[in-house]
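Reader: I've just opened this one and I'd like a friendly walk through it. Can we take it question by question?

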Amino acid sequence: MNVFASHRLLIIDDDRELLELLIRHCARQGFDARGVSSLRDLGQQMTQFRPDAVLCDLAIDPDDAVQCLELLRDIGFAGPVFLMSGCESRVLRATFQIGGQLGLNMAESIAKPFDLAELTGCLRLHLKAELPLNEQALRAGIEQRQVIAHFQPQVDLASGRLLGAEALARWAHPNLGLVPPLRFIGMAEKSGLIAPMTLHILADAVRLIETWQSSLPDIRVSVNVTAPLLTDQGFVGEALRLIEAPKVRRAIKLEITESSAMDNSLEIEAALARLRIRGISLSLDDFGTGYSSLVALHRMPFTELKVDQSFVKELDRDGDAKVIVRALIDLAHNLGQKVCAEGVETAPALSFLRSLGCDAAQGFHIAKPLAPEDFDDWCGQILSRDDGSAFAFNEERRQAEAARSH
Ligand code: C2E
Ligand code: MG
Ligand code: MG
């Protein structure tokens with residue numbers, strides 16, 4: 001069965017030739033695809049065709065994608081929105097972010113020219129991700145321990161040595177496979193399931209620490225915690241009990257997202273201070289994406305700042321991103337905090353961060369999030385090296401792969 005056949009895709013592009021080509025291609029790939037070449041016809045298509053997803057060009061003469069996004073917001077469209085454009089990447093990114101701020105479900109921005117197979121691959125990925133998930137299924141999934149931690153290594157940028165990992169929740173759904181956290185964290189937060197889920201992830205992190213602490217005495221494993229949970233005394237009590245052993249407590253780091261830390265900030269500030277008094281490391285996640293970054297840094301007792309991947313991913317393309325990342329690293333260091341860059345995808349980004357004195361890095365260029373058994377395997381290989389360097393290990397692997405493919 002083609003699971004996408006029922007997916008209605010509306011394509012908006014004023015280039016009629018391209019529009020026809022995209023409709024034909026998407027239809028061949030099993031989507032129910034239609035197109036409009038101007039915003040005049042958008043409202044009618046939205047009510048009659050009722051698309052599940054929208055793919056929109058930036059320039060839709062005489063209108064543009066920002067107007068389209070506003071219309072979609074006004075209609076209350078909840079499906080994924082894809083943007084495409086041949087404009088400079090900064091314009092595409094800015095428009096994509098506006099969509100997010102309007103409350104739309106922004107899926108992906110795609111630079112033109114693109115490969116048609118790549119486009120449908122990307123649509124598929126997001127539409128599959130839209131298959132329905134509900135609270136009842138999540139509750140059962142958490143009870144049955146289908147929600148588990150995968151671990152993404154974090155390394156010391158100067159030496160390439162392993163510092164530890166970030167625990168990232170994955171839902172091993174019996175029908176959908178591995179469901180990424182952004183699809184269920186929001187639901188978990190709204191339903192209160194976030195507390196038991198986070199405790200399970202914390203327990204997985206504790207197990208990882210216990211496995212590796214003898215060979216890696218300074219290991220640090222981070223767990224993401226949404227700030228409002230810190231004011232839930234039941235949750236905090238359980239969490240402290242799980243990390244009771246002093247060695248474990250020293251090795252745990254809690255990552256709090258900047259945006260969640262700023263809501264209800266007095267209570268959260270107090271909760272963070274109490275955790276620090278108990279010796280727990282605190283990391284400010286996604287730094288630079290919230291509106292009150294500097295206030296958060298000044299008032300809250302974070303030990304580490306994580307530079308958001310939206311800046312790090314742009315380092316190779318965008319001079320502004322370099323300026324921002326340099327400033328963030330200087331700021332954190334001047335405040336006596338460590339800096340971890342996340343979303344490091346390339347060797348040049350890694351070298352640039354190292355040249356700025358950034359302390360730690362995490363990203364696909366080093367390793368993707370790994371299932372616990374794969375993490376153990378990876379970790380074992382790094383620690384068995386004389387130099388203990390993940391960079392040297394990866395480089396040797398890349399060279400071996402290149403030699404094999406020649
Ligand atoms: P985060 O805490 O900022 O985690 C980093 C995200 O970036 C992870 O996505 C990771 O897989 C991804 N990532 C890391 N390196 C790269 C890279 O080089 N390139 C790209 N493209 N992505 C990279 P993931 O696992 O999908 O998690 C998304 C977010 O979900 C996390 O962002 C975190 O905010 C939230 N989350 C994950 N697990 C938990 C959890 O247990 N509790 C809570 N409250 N939130 C969680
Ligand atoms: Mg995080
Ligand atoms: Mg982050």
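Predicted model: local features only at pLDDT ≥ 70, side-chain atom pairs only at ≥ 80, totals over all residues.

Reader: Where is Arg145, and what is its phi?

Author: Arg145 sits in a loop, with helix H6 (135–143) on one side and strand S8 (147–156) on the other. Most residues other than glycine have a negative phi. Arg145 isn't a glycine, yet its phi is positive, about 60°.

Reader: Is Arg50 buried or exposed?

Author: Arg50 belongs to the loop between helix H2 (42–48) and strand S3 (53–57). Its phi is positive too, near 50°, and it is a residue other than glycine. Arg50 has 11 C-beta neighbours inside 10 Å, so it counts as exposed.

Reader: How far apart are the centres of domain 1 and domain 2?

Author: The domain assignment gives domain 1 as 8–126 and domain 2 as 135–405. Taken over C-alpha atoms, their centres are separated by 33 Å.

Reader: What is the C-alpha distance between Asp15 and Ile142?

Author: Asp15 is in the loop between strand S1 (8–12) and helix H1 (16–28). It counts as partly exposed because it has 16 C-beta neighbours inside 10 Å. Asp15 and Ile142 are 127 residues apart in sequence, and from C-alpha to C-alpha the distance is 48 Å.

Reader: And Arg124 to Ala149, how far is that?

Author: Arg124 lies in helix H5. With 16 other C-beta atoms within 10 Å, it is partly exposed. Along the chain Arg124 and Ala149 are 25 residues apart, and their C-alpha atoms are separated by 25 Å.

Reader: What does Ala361 touch?

Author: Neighbours within four places in sequence are left aside here. That leaves contacts with Val155, Leu157, Cys340, Ala341, Val344, Leu350, Leu353 and Ile366.

Reader: Why are the buried residues of H16 on the same side?

Author: Helix H16 covers residues 347–355, and its buried residues are Ala349, Leu350, Phe352 and Leu353. They are on the same side of H16 because they cover an arc of only 165° around the axis.

Reader: What's exposed on the other side of H16, and what covers its buried residues?

Author: The exposed residues on the other side are Pro348, Ser351 and Ser355. After H16 comes Gly357, with a positive phi near 80°. The cover over the buried residues includes helix H14 (309–312), helix H15 (319–334), strand S15 (338–342) and strand S16 (360–362).

Reader: Which residues is Val248 in contact with?

Author: Val248 lies in helix H10 (residues 246–251) and is partly exposed, with 17 other C-beta atoms within 10 Å. Its C-alpha is 9.5 Å from that of Ala205, 43 residues away along the chain. Leaving aside neighbours within four places in sequence, Val248 is in contact with Val206, Ile209 and Ile243.

Reader: Which residues come nearest to ligand 1?

Author: The shell around ligand 1 has eleven nonpolar, nine polar and five charged residues. Strand S9 (162–173), helix H8 (194–212), strand S12 (252–257) and strand S13 (281–287) each supply at least two of the shell residues. Of the 25 residues around ligand 1, those that come nearest are Leu168, Ala169, Pro181, Gly363 and Phe364.

Terms used
Residues numbered from 1 in each chain as written. Chains lettered and ligands numbered in written order. Near = placed C-beta within 6 Å. Helix = DSSP H or I, 4+ residues; strand = E, 2+ residues; numbered from the N terminus. Nonpolar A, V, L, I, M, F, W, Y, C, P; charged D, E, K, R; others polar. Domains from an automatic or database assignment. Contact = placed C-beta atoms within 7 Å. Buried ≥ 20, exposed ≤ 12 C-beta atoms within 10 Å, placed from the backbone. Arc of directions from axis to C-beta.
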